[in-house]
Amino acid sequence: MVQTPPPVGGTMGFQEAVRKVLNNYVNFQGRASRAEYWWWALFTFIIGVIFGALEVTGLKIFAILGGIVNLALLLPGLGVLWRRLHDMGRAGGWAFIALVPIVGAIILIYWLVQPSEQFTNRFGDVPVA
């Protein structure tokens with residue numbers, strides 16, 4: 001069965017990506033587009049910068065809240081990473097390569113910037129955005 005690639009220019013926006021990741025909170029099945037993953041990465045980076053800046057005030061409550069928020073975002077972050085690896089035809093377990101010092105993180109980032117497989121693979125259909 002031949003599947004046509006998604007339309008050009010149909011990339012997902014920031015809010016749509018964050019909403020989709022949060023709606024798939026602990027979903028490790030299926031595929032996530034490159035745009036979905038990187039918008040989520042930007043979102044978590046911004047949240048980290050905000051709480052980091054608030055912690056500078058010296059109030060412990062911001063450190064505690066930052067820790068709680070990081071814990072709350074951990075599972076959806078792992079889920080979207082897992083699905084992004086699926087999108088390239090790799091098993092989600094490859095996420096653990098990041099535990100290998102330096103080299104593992106470099107390999108994982110290299111994979112994450114690669115384009116999606118433009119056909120249905122063993123993990124599902126091509127993501128729309």
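Reader: Is Asp 87 buried or exposed?

Author: Buried means under 20% relative accessible area, exposed means over 50%, and partly exposed lies in between, with a 1.4 Å probe and protein chains only. Asp 87 has 0% relative accessibility, so Asp 87 counts as buried. This is a predicted model: local features need pLDDT of at least 70, side-chain atom pairs count only at pLDDT 80 or more, and totals for chains, interfaces and linings use all residues. Residues are numbered from 1 along each chain as its sequence is written, and side-chain values use heavy atoms, with hydrogens and water left out.

Reader: Which residues does Asp 87 pair with?

Author: Look for salt bridges, meaning a side-chain nitrogen of Lys or Arg within 4 Å of a carboxyl oxygen of Asp or Glu. Arg 84 is one partner, with the closest N and O atoms 2.7 Å apart. Asp 87 and Arg 84 are separated by about one helical turn, because they are three residues apart in helix H3. Helices here are DSSP runs (H or I, at least four residues), numbered from the N terminus. Arg 84 is also buried, at 0% relative accessible area. Arg 31 is another partner of Asp 87, with the closest N and O atoms 2.9 Å apart. That pair links distant parts of the chain. Arg 31 sits in the loop between H1 and H2, Asp 87 in helix H3, 56 residues away. Both Arg 31 and Asp 87 are buried.

Reader: How many salt bridges are there by this rule?

Author: The count is four. One of them joins Glu 36 and Lys 20, at 3.7 Å from N to O. Glu 36 is in helix H2 and Lys 20 in helix H1 (residues 14-23), 16 residues apart. Glu 36 is at 1% relative accessibility, so Glu 36 counts as buried. Lys 20 is partly exposed, with a relative accessible area of 30%.

Reader: What about Arg 83?

Author: Arg 83 is found in helix H3. Arg 83 counts as buried because its relative accessibility is 2%. From C-alpha to C-alpha, Arg 83 and Ala 41 are 14 Å apart in space, and 42 residues apart in sequence.

Reader: How do I read a pocket?

Author: Rolling a probe the size of a water molecule over the atoms shows where empty space is left. On a 1 Å grid over the protein atoms alone, a pocket is an open set of points where a 1.4 Å probe fits, with protein on both sides within 12 Å along at least five of seven lines; lining residues have an atom within 4 Å of a point. The largest pocket here has a volume of about 370 Å³. It has 17 lining residues, and the closest to its centre are Tyr 37, Leu 74, Gly 77, Leu 78 and Leu 81.

Reader: Which helix gives the largest share of that lining?

Author: H3 does, with eight residues. Helix H2 (34-55), H3 and helix H4 (103-112) each supply at least two. By class, the lining has 14 nonpolar, three polar and no charged residues.

Reader: And which residues form the nonpolar patch on the surface?

Author: A nonpolar patch joins Val, Leu, Ile, Met, Phe, Trp or Tyr side chains within 5 Å, from residues with over 30% relative accessible area and no salt bridge. Here the members are Leu 22, Tyr 25, Val 26, Leu 71, Leu 74, Leu 75 and Leu 78, with about 600 Å² of accessible area together. Helix H3 (residues 60-87) gives the most, four residues. Leu 71 lies in helix H3. At 62% relative accessibility, Leu 71 counts as exposed.

How values were computed
Patch = residues over 30% accessible without salt bridge, like charges linked within 9 Å, V, L, I, M, F, W, Y side chains within 5 Å. Areas by Shrake-Rupley, 256 points an atom, 1.4 Å probe, with all protein chains shown as cover. Points joined across faces, edges and corners; volume = space filled by probe spheres on them. Nonpolar A, V, L, I, M, F, W, Y, C, P; charged D, E, K, R; others polar.
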